Amino acid sequence: MSETITNPTDSGEEVMATSVEPTTEPHIVVDTDKFIEVPEELRKLGIQGEHNIETLTWDCPRYWDEHDLSTMTIYVNFELSNGTPGMTLCKNVVVDETDENTIHFDWTIDGATLEQDGKVKISAYAEVTGEDGNVEHSWTTEINEDCFVSKGLKRRNYVPSQYPSIVTDLLT
C-alpha cells in the first residue's frame with residue numbers, strides 16, 4: 001500500500017513523494033556516468049526532527065577503473081537547504097547475488113540530514129584510507145538535488161501546562 005504526499009518547497013514548487021512498504025521499496029541507483037536516480041517515492045527523506053527511522057538502499061556499479069568499491073568505505077554526502085554539509089557512513093555494503101558487477105549499500109538517514117526542512121543535495125562517496133590515515137583512492141558521484149525534508153516540530157523539553165505552579169515551584 002502506498003500513499004502520495006504533496007510537499008510545497010520554500011520556492012512554492014510542489015514536490016510529490018509516495019510512502020512505500022520496505023519490502024517493495026525501490027532503490028536509489030547510481031548509473032555508469034555516476035548520476036544518481038532517486039525514484040519519486042524516495043525523494044521525501046523524512047520529516048524535520050526524525051532520526052535513524054528510514055534506511056534507503058543504493059545500487060551502484062562495483063568497479064571503477066579496476067577499483068573495487070565493495071572494499072572501500074562508502075558515505076552519503078549531503079548539503080541541507082541552509083548550506084550545512086554533512087556525511088553519513090553507509091552500512092551493509094554487499095555484492096549483488098545475481099550480478100557481481102553491482103553493489104548495494106544502505107543509507108540510514110540520521111537526524112543531521114533531517115535537521116533542516118527543504119531541499120537536500122546528496123552524493124555518494126567512497127574511499128580507501130591507508131594505515132597512515134591518508135586517503136589513497138576516492139570516488140564520488142554527481143550531485144543529486146531531487147530530495148527534500150518536510151517541515152516538522154523538533155523535540156523540545158516539555159513542561160506540562162496543566163499544573164504550572166507546581167512546575168514553577170520545582171524549577172525554582
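A: Start with Ile122. Setting aside neighbours within four places in sequence, Ile122 is in contact with Ile36, Val38, Trp58, Val76, Asn77, Phe78, Trp107, Glu142, Ile143, Asn144 and Cys147. Contact here means heavy atoms within 4.5 Å.

A word on the source. This is a predicted model, in which local features need pLDDT of at least 70 and side-chain atom pairs count only at pLDDT 80 or more, while totals for chains, interfaces and linings use all residues. Residues are numbered from 1 along each chain as its sequence is written, and side-chain values use heavy atoms, with hydrogens and water left out.

Now the core. The largest nonpolar core has 29 residues, and Trp58, Trp107 and Ile122 touch the most other members. Such a core is a set of buried Ala, Val, Leu, Ile, Met, Phe, Trp, Tyr and Cys residues joined through side-chain atoms within 4.5 Å. Buried means under 20% relative accessible area, exposed over 50%, and partly exposed in between (1.4 Å probe, protein chains only). In soluble globular proteins, nonpolar side chains tend to be buried together. Strands β3, β6, β9, β12, β13 and β15 (144-150) each supply at least two residues of this core. Strands (E, at least two residues) and helices (H or I, at least four) are DSSP runs, numbered from the N terminus.

Take the two tryptophans next. The structure holds four aromatic pairs. Trp58 and Trp107 form one of them, edge-to-face, at 6.1 Å centre to centre with 70° between the planes. Rings of Phe, Tyr and Trp (its six-membered ring) pair if their centres lie within 6.5 Å; planes under 30 degrees apart count as stacked, over 60 as edge-to-face and the rest as tilted. This pair links distant parts of the chain: Trp58 is in β6 (residues 54-61) and Trp107 in β12 (residues 102-109), 49 residues apart. Trp58 counts as buried because its relative accessibility is 0%. Trp107 is buried too, with a relative accessible area of 0%.

Two strands pair if DSSP finds at least two bridges between them. β3 (residues 28-30) and β4 run antiparallel, joined by two bridges. In β4, Ile36 stands opposite Val30. Ile36 is also one of the contacts of Ile122.

Turn to β15. Five of its seven residues are buried, so this strand is mostly covered. β13 pairs with β15 in the antiparallel sense over four bridges. Gly118 has Val149 of β15 as its bridge partner. On another pairing, β5 (residues 44-47) runs parallel to β15, with three bridges. There, Ile47 stands opposite Ser150.

Last, the cysteines. Cys147, another contact of Ile122, counts as buried at 0% relative accessibility. Cys90 counts as buried at 6%. The structure holds zero disulfides, a disulfide being a pair of cysteine sulfur atoms within 2.5 Å.
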